[in-house]
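Biologist: Hi! Could you walk me through this model? I'd like to go spot by spot.
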Amino acid sequence: MPFQKLGLSAPVLEAVKAMGYVDPTPIQLRAIPLILAGRDVIGSAQTGTGKTAAFALPLITRLAHHEPRTRFLVLEPTRELAAQVEVAIRDLARFTDLRTAVVFGGVGYGKQMDALKRGTDIIVATPGRLLDHLERNTCHLDQVRHLVLDEADRMLDMGFLPDVRRILERCPRERQTLLFSATIPPEIETLIQWAMRQPQAVEIGARRTPAETVKHVIYPVADVQKADLLLALLNGVNYDSVIVFCRTKHGADRIAGLLKRNNHAVAVLHSNRTQREREQALLGFREGRYEVLVATDIASRGLDIADVSHVVNYDVPQHPEDYIHRIGRTGRAEASGDALTLMAAEDSGHVAAIERFISQKIKRVKLENFEYRYTALFEEEKPGQPKGFDRRVRGVRIHGGYYFGPARRKR
Ligand code: AMP
């Protein structure tokens, strides 16, 4: 069904055309009619499926014209997401006279206060700073008619649920509530019961599957060789733009330094960087000035970075959901991408948890011509293959396609 048949307003259809969208994505097809009809909706589509437009298009249609009161509020877990979603909504509302404002912490109050004072139809906010504005009386939510809780599981992880509840208490009970979440843990279930009215669930594909277009593989490697393997992969793989995920900020800085020394154009994104540094990193990466973005998990949820050809998990994520979110950066809106995970022996437990979570075994591969050192991971045997197979002979196929160089046994 084309966009024209979904009941969206003319200015919204004009924006859809200007954005170059040809057909609605599955979540847009399912959610737009429900949202236009005023229903509460729980959306469990993955990021990259077009979920922002799925809620923004019908809600912009419903708001229609500017009024000097806030009727549409979106809550986001991070400032990057808030900034990105506000830009997306502004783009989609560009042929209307609706006004949007974005509110998040880590920056001054002046600009946000000015935008709020001018009267804004739509606010996209992170919970903490929005509460500050409510307490200062610089923002009012008593006219909110449409509320979106985006990335609800992330808000839970970040400890924002009490803030979210306090914000909801400032909104009228008579409202439409939409909730988006990749997973629905019990705390979110409770929030749903408390905050929503007869919600309709819109689930696209199984809740736990990674984006279907992503080809994902694991590179088993000895811990001490991870950095060398990363360099070899970046040199050997034909990529346009890569995000490398690290577990810690310190690790991210270290890897970024290593890549810079090896002549890669690198930007870093983590929470110790100032807001300005983060914006510059994202902008530079989007514009292609940097080919590699090294990031911690703050960057992994929902960020709309177009055309990422590869995601590399330098560290295996410790929470299975983060794996889905990380590799959601590639294969967005049905483009294809590759997701590469480096696995050292101590990561086996986390990898097993991820495989259980997504109900599939991720293929183990090796990089040709890389001088692998011995790791216990290479002992994963093919069924029926005797243990103790001689692993020391270079170039011998031991199982599943592994070859490796001179063996170094730990004593
Ligand atoms: P989201 O899941 O909202 O983060 O969207 C992911 C990306 O898909 C964004 O770059 C959107 O601009 C893009 N997008 C959203 N809807 C469509 C559509 N119907 N056709 C093509 N691209 C889309």
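Modeller: Happy to! Helices (H or I, at least four residues) and strands (E, at least two) are DSSP runs, numbered from the N terminus. This is a predicted model, where local features need pLDDT of at least 70, side-chain atom pairs count only at pLDDT 80 or more, and totals for chains, interfaces and linings use all residues. Residues are numbered from 1 along each chain as its sequence is written, and side-chain values use heavy atoms, with hydrogens and water left out.

Biologist: Great. Where is Asp-150?
Modeller: Asp-150 sits in the loop that links strand 5 (146-149) and helix 7 (152-157).

Biologist: Is Asp-150 buried or exposed?
Modeller: Buried, because its relative accessibility is 1%; the cut-off is under 20% relative accessible area, with exposed over 50% and partly exposed in between (1.4 Å probe, protein chains only).

Biologist: And which residues is Asp-150 in contact with?
Modeller: Counting heavy atoms within 4.5 Å as contact, and leaving aside neighbours within four places in sequence, Asp-150 touches several residues, among them Lys-51, Phe-55, Glu-76 and Phe-180.

Biologist: Switching topic: where's Gly-105?
Modeller: Gly-105 is in the loop between strand 3 (100-103) and helix 5 (110-118). Gly-105 is partly exposed, at a relative accessible area of 22%.

Biologist: What does Gly-105 contact, leaving aside neighbours within four places in sequence?
Modeller: Arg-79, Thr-126 and Arg-129.

Biologist: How far apart are Gly-105 and Gly-128?
Modeller: They are 23 residues apart in sequence, and 7.1 Å apart in space from C-alpha to C-alpha.
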